Amino acid sequence: MNLKKYFVRALHRLQKGPGYTYKELLVWYCDNTNTHGPKRIIKEGPKKKLIWFFLTLLFASLVFWQWGILINTYLSYNVTSSLSIGFKTMKFPAVTVCNANPFKYSEVKHLLKELDRLIEAALERILQPALGNSSENASPPLDLRLWHQIPLVLIDEHDKDNPVILDIFESNQAAGALLRAEPRAEPGQGCSVQAPCHLHGSDNCTYRNFTSAAQAVTEWYILQSTSILSKVPLQERIRMGYQAEDMILACLYGAEPCNYKNFTQIYHPDHGNCYIFNWGMDEEALNSSNPGAEFGLKLILDISQQDYIPYLSSAAGARLMLHQQKSFPFLKDQGIYAMAGTETSIGVLVDELERMGYPYSDCTNNGSDVPVKNLYSQYNTSYSIQACLRSCFQNHMTEICGCGHYMFPLPEGVNYCNNEDNPGWAYCYSSLRSSITHRQICIDSCKETCNDTQYKMTISMADWPSEASEDWIFHILSYERDMSTNVTLDRNGIIKLNIYFQEYNYRTISESAATTIVWLLSSLGGQFGFWMGGSVLCLIEFGEIIIDSLWITVINVISWCKGLKQKRAQARSPAAPPTVSELVEAHTNLGFQHEDAGALPRDEALPPEPGTPPPNYDSLRVQPLDVLGPDSDAETE
């Protein structure tokens, strides 16, 4: 009922029209507002009015300018970093150990036989060009199909303006751009790995230049061996790698003994079989009871350096990495080497990073909002930006090249690239690898994790075992592994590792919002109060006058529309019957006209003559107008 009364009053107000004008409303506001300045404008003299009007306008502009800066600062969502140090029992990190050499040479020699003969002949021609043809006469002919697919050439740059490309094997079937010349290993020459060109009707060609032949040979061998090994089934590659029982000779965690069965095996394309301690996939992660070397992980590894592939692995040692539980180890980017014949001690400090999410930073909690399909999810590992970048590159390669690179996991329904099935894969891979556009697409698509744990390592090394103790140590380790009284181990293959927490203090680097809504409101109020002496109530008053102005505008617009509607109605119906007021006004005017013509007024008129009937006043009765329709006549009478 109250709501109905409110709308009825509002309708009457609309019909009545506004009770005051804009000027009256403005004067009332200036006279009653608590904001300094407007009162002086209406109460001072003409000159001071002008001065106060200018000052009020100036300071109001300054307020709005400062408000704009403050709001823009708040919407930029800046953060501040804070460092705190805590003390608690911490989880021991996951430790991944791999051999620097991915496969035993004795197991893959039959696959790389032709490639090894080819690289040996190439090295012979590079180092001894004058005797380059002598070895070919004493050995079977070389299979140059691998060479034709991805040639290795020398570049003579004695003349910088006209460099000469020298084909090592002087083959006419190689790239058409190669020049026939006798290579000479002199300063000023460079080496280049060349992707296929003028093969299979393709004109695509690219070079990778190196300043040293050693770098070029290693990269060329890796590229060729990738094509060969990509056709080998995964289980066969695992069998050709180093097994846990042969590589892990001794293990001790704190005071508890452990062995190779406490490690989880994964296959890593760069390093073959890798083994992870405390990964947390099947069991709960281990806690470290105390800091110090006596409470950490102690390992003795055998890398079997005598069985290394000579042209694939130029570094000898163990590759290891400390990382979080259930995360994939990217050893090529974040791993470190442990040298053979040494005892390597690694002291660990923990840094925990806590980033703020959207809108303060573009980080992700679990990778679910990243548009790149994570190919490393097949390992049931957590999201990381390294996994995202590699998955993005592999996805682009499968789309553009039609096959996947051997070093990354494969999407479903795609095979690894090789020279037989994909002759142009090397050029496609090189072009994609050097493309800044595709690289930027992956960088923009992938996100950092909001929470991360980093392990800072302090590394120290010493020779191990010493000359005085190496005899009995090697005897014991050889017997424990091979059950042999003969020494089967040597200093070139043994590595000892000590991994432990230096201290239980951990650092937490956390982000917090530099500007909050409380900061914004207090800053806005401070600027308003400083420049104009206002408060929140002044803003409410200003809002009130705006509402009143809008109400006046609405009433005026409705009145204008109503008058315009009436004018249009009159224009459409010129013969419309007169209204009652119009008839009364016409009758009155008619009486005045008779008086002007000399007729006597009604009060002074002569009485009628005897026998004259009284006037018919019923004929002068005003009849109701039929404007409401025939059904309303009875009600009108």
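**View 1. A disulfide joins C98 to C274, with 1.9 Å from S to S.** A disulfide here is a pair of cysteine sulfur atoms within 2.5 Å. This link ties distant parts of the chain together: C98 sits in strand β2 (residues 94-99) and C274 in strand β10 (residues 272-277), 176 residues apart. Strands are DSSP runs of E with at least two residues, helices are runs of H or I with at least four, and both are numbered from the N terminus. The torsion about the S-S bond is 120°, and the link of C98 and C274 is right-handed. C98 counts as buried because its relative accessibility is 0%, and C274 is buried too, with a relative accessible area of 0%. Buried means under 20% relative accessible area, exposed means over 50%, and partly exposed is in between (1.4 Å probe, protein chains only). By the sulfur rule, the count comes to seven disulfides.

Before moving on, a word about the model. It is a predicted one, where local features need pLDDT of at least 70 and side-chain atom pairs count only at pLDDT 80 or more, while totals for chains, interfaces and linings use all residues. Residues are numbered from 1 along each chain as its sequence is written, and side-chain values use heavy atoms, with hydrogens and water left out.

**View 2. H268 and its contacts.** Look for H268 in strand β9 (residues 263-268). H268 has a relative accessible area of 5%, so it is buried. Setting aside its neighbours within four places in sequence, H268 is in contact (heavy atoms within 4.5 Å) with C274, F328, P329, F330 and L331.

**View 3. C251 and C258 form a disulfide, with their sulfur atoms 1.8 Å apart.** This disulfide is left-handed, because the torsion about the S-S bond of C251 and C258 is about -80°. Both ends are tucked under the buried cut-off: C251 has a relative accessible area of 10%, and C258 has 14%.

**View 4. C392 and C442 are joined by a disulfide, S to S 2.1 Å.** C392 lies in helix α13 and C442 in helix α15 (residues 436-445), so the pair ties together parts that are 50 residues apart in sequence. The S-S torsion is -85°, and the link of C392 and C442 is left-handed. C392 counts as buried at 4% relative accessibility, and C442 is buried with a relative accessible area of 6%.

**View 5. G413, out in a loop.** G413 has its place in the loop between α13 (385-401) and α14 (425-434). G413 counts as exposed, because its relative accessibility is 87%. G413 and C403 are ten residues apart in sequence, and 9.7 Å separates them in space, C-alpha to C-alpha.

**View 6. M339, I459 and M461 form a nonpolar patch on the surface.** Together these residues have about 300 Å² of accessible area, worked out by the Shrake-Rupley method with a 1.4 Å probe, where for residues only the protein chains shown count as cover. Patches are made of residues with over 30% relative accessible area and no salt bridge; like charges are joined within 9 Å and nonpolar side chains (Val, Leu, Ile, Met, Phe, Trp, Tyr) within 5 Å. A salt bridge is a side-chain nitrogen of Lys or Arg within 4 Å of a carboxyl oxygen of Asp or Glu. M461 belongs to strand β17 (residues 451-463).
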